[in-house]
Amino acid sequence: MNDTFKHKGLRQQLVNILKNKGITDAAVLKTIGNIPRHLFMDSSFLDHAYQDKAFPIAADQTISQPYTVAFQTELLKLSRDSQILEIGTGSGYQTAVLCELGAKVYSIERQLELFKKTSKFLPKLGYRPRKLIFGDGYKGMPEEAPFDGIIVTAGAPYVPTPLLSQLKIGGRLVIPVGVDVQIMTLFVRKGLKEFEKHEFGECRFVPLLEDKN
């Protein structure tokens, strides 16, 4: 679990890359600079941990590109104590980013292998989400709703209605929508049945799978 000066230096280089790509939220950039991303990856990938690239992890999933993590987090516009639902815990890196920013994080993972590994690993690094569950992300977590923000870290062929319904008024859902290529999409809840939609260009994610548990 080493985090060396070399790693810290590489993180600062990564932060500069993200700035150059248009990430402006100072708290998000500081958080990317703080979190040892290499610890969330297999040791064989250590050399790649601070490149702005996605990489394979267990269960045929990926750890998202740092730019994508930063961009999705920036779109959430969270404040300390924001109640955030994450769909797709994965390696736990995005979860750690949300926790470091002071959010109350609720997260769902549908790959049992990843769920077991990440729920043991995050507390070792000092990150304690409010709730981590093994389940179907399409259903969200109605018992903990409503949420200030919901972040989906896998490509959804359509927007799951339960997720929209679990947002507070003013809440934000950040979700990649599409099949082969996704469009990063933001929904802001304006009223009981009123949502404002914004699209931010193409991205590629592993698919969000439904009812597979």
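The side chain of threonine 153 lies 2.8 Å from the backbone oxygen of glycine 88, a polar contact in the sense of N or O atoms within 3.5 Å, where within protein one atom must be able to donate a hydrogen and the other to accept it, and residues adjacent in sequence count only if both atoms are side-chain atoms. A polar atom of the threonine 153 side chain is also placed 3.0 Å from the backbone oxygen of isoleucine 87. The model is predicted; local features require pLDDT of at least 70 and side-chain atom pairs pLDDT 80 or more, whereas totals for chains, interfaces and linings use all residues. Residues are numbered from 1 along each chain as its sequence is written, and side-chain values use heavy atoms, without hydrogens and water.

Threonine 153 is located in the loop between β6 and α6 (161-165); helices (H or I, at least four residues) and strands (E, at least two) are DSSP runs numbered from the N terminus. With a relative accessibility of 14%, threonine 153 counts as buried (under 20% relative accessible area, with exposed meaning over 50% and partly exposed in between; 1.4 Å probe, protein chains only). Not counting residues up to four places away in sequence, threonine 153 touches Gln72, Glu86, Ile87, Gly88, Gln94 and Phe205, contact being defined as heavy atoms within 4.5 Å.

Seven strands form an open sheet of mixed pairing, in the order β5-β4-β3-β6-β7-β8-β9; two strands pair if DSSP finds at least two bridges between them. From one strand to the next, the twist averages 10°, with axes taken as lines fitted to C-alpha atoms, for helices over the stretch in contact, and angles running from 0 to 180 degrees between N-to-C directions. Strands β3 (residues 83-87) and β6 (residues 147-152) are parallel and joined over four bridges; leucine 85 has isoleucine 150 of β6 as its bridge partner. Helix α3 (residues 66-76) packs on the sheet, where it touches β3, β6, β7 (167-177), β8 (182-189) and β9, and its direction makes about 160° with that of β7.

Seven aromatic pairs are present in the structure, rings of Phe, Tyr and Trp (its six-membered ring) being paired if their centres lie within 6.5 Å, and classed as stacked for planes under 30 degrees apart, edge-to-face for over 60 and tilted for the rest. Phenylalanine 40 and tyrosine 93 form an edge-to-face pair, because their ring centres are 5.6 Å apart and their planes stand at 70°. This pair links distant parts of the chain, 53 residues apart: phenylalanine 40 in the loop between α2 (26-34) and β1 (55-56), and tyrosine 93 in helix α4 (residues 93-100). Phenylalanine 40 is buried at 7% relative accessibility, as is tyrosine 93 at 2%. Phe40, Tyr93 and Phe121 form one aromatic cluster. Within helix α3, tyrosine 67 and phenylalanine 71 are four residues apart, about one helical turn, and their rings are stacked, at 5.7 Å centre to centre with 10° between the planes. Tyrosine 67 is partly exposed at 23% relative accessibility, whereas phenylalanine 71 is buried at 16%.

Leucine 208, in the segment after β9, is buried with a relative accessible area of 9%. Its contacts, not counting residues up to four places away in sequence, are Ile87, Tyr138, Val152, Ala154, Gly155, Ala156 and Pro157.
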